[in-house]
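Have the model open in your viewer with the sequence alongside. The stops below go from single residues to helix packing and then to a sheet.

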Amino acid sequence: MRDAKQVQSEQDENRRLERGSAEDHVDRLRAQWARELPDLDTEPMAILGRAKRLANLVGPSIEDTFAKFGLDRGEFDVIATLRRSGPPYQLTPTEMYTTLMLSSGGLTHRLVRLEKAGLIVREKSTRDGRSVVVCLTPTGATLAEKAFRVDMENELVFLQGLDAEERTTLADLLRKLVASLEEPRES
């Protein structure tokens, strides 16, 4: 006798086939787990497993894009954060590591490399002579924009398997999920 999880798995598979969707790596993993642990609901893998798989598939290409500009992803994140902050393209280290979700030590290491490359400068704050602001240089601003434009061009290629409506729907659903996870949780 089939249990509810097996029936649900078969229904999911039938819907996938009706939509003409090709089987992917995550489908194969879920099928293996369904065979081995038929009582376990692997639905989270259908979404979160695919998000991880997607990041793994596109990550190397994104890294290669930034490498062509002499940057790693973390360094790009720093100069991009400064660039999108708007003129005068400067933030305090605290504003940066909070935005980037880095430790202050991790940020400091990146700032040293970017400063040596002439992409940022660290200056005393005009508001408070004891604190420092990180400023994007004109060279850094130009590099951030060029790298971001190429990155977006390349990333668009990865989305060609979806039409415009599907991309919008997927973006809306992912936004909803991320927003629900970003909300403060009550203890």
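Start by selecting Thr-81, which sits in helix H4, residues 73-84. Helices here are DSSP runs of H or I with at least four residues, strands are E runs of at least two, and both are numbered from the N terminus. The model is predicted: local features need pLDDT of at least 70, side-chain atom pairs count only at pLDDT 80 or more, and totals for chains, interfaces and linings use all residues. Residues are numbered from 1 along each chain as its sequence is written, and side-chain values use heavy atoms, with hydrogens and water left out.

Thr-81 is buried, with a relative accessible area of 4%. Buried means under 20% relative accessible area, exposed over 50%, and partly exposed in between, with a 1.4 Å probe and protein chains only. Show the neighbours of Thr-81 next: leaving aside residues up to four places away in sequence, it touches Leu-91, Thr-99 and Leu-100. Contact means heavy atoms within 4.5 Å.

Stay on helix H4 and pick Asp-77. Is Asp-77 buried or partly exposed? Asp-77 is partly exposed, at 34% relative accessibility. Draw a C-alpha to C-alpha distance from Asp-77 to Met-96: the two are 9.8 Å apart in space and 19 residues apart in sequence.

Now select helix H3 (residues 43-67) and helix H7 (residues 138-158), whose axes come within 9 Å and cross at roughly 155°. H3 is therefore roughly antiparallel to H7. Axes are lines fitted to C-alpha atoms, for helices over the stretch in contact, and angles run from 0 to 180 degrees between N-to-C directions. Angles under 35 degrees count as roughly parallel, over 145 as roughly antiparallel, 65 to 115 as roughly perpendicular and the rest as oblique.

To see the contact, show Val-58, Ser-61, Ile-62, Thr-65 and Phe-66 of H3 with Ala-147, Val-150, Asp-151, Asn-154, Glu-155 and Phe-158 of H7.

The last stop is an open sheet of 3 strands in the order E1-E3-E2, with antiparallel pairing. Strands E1 (90-91) and E2 (120-124) are the edges, each pairing on one side only. Two strands pair if DSSP finds at least two bridges between them. Select E1 with strand E3 (residues 132-136): they pair in the antiparallel sense over 2 bridges, and Gln-90 has Cys-135 in E3 as its bridge partner. Finally, bring H4 back into view: H4 lies across E1, E2 and E3, running at about 90° to E3.
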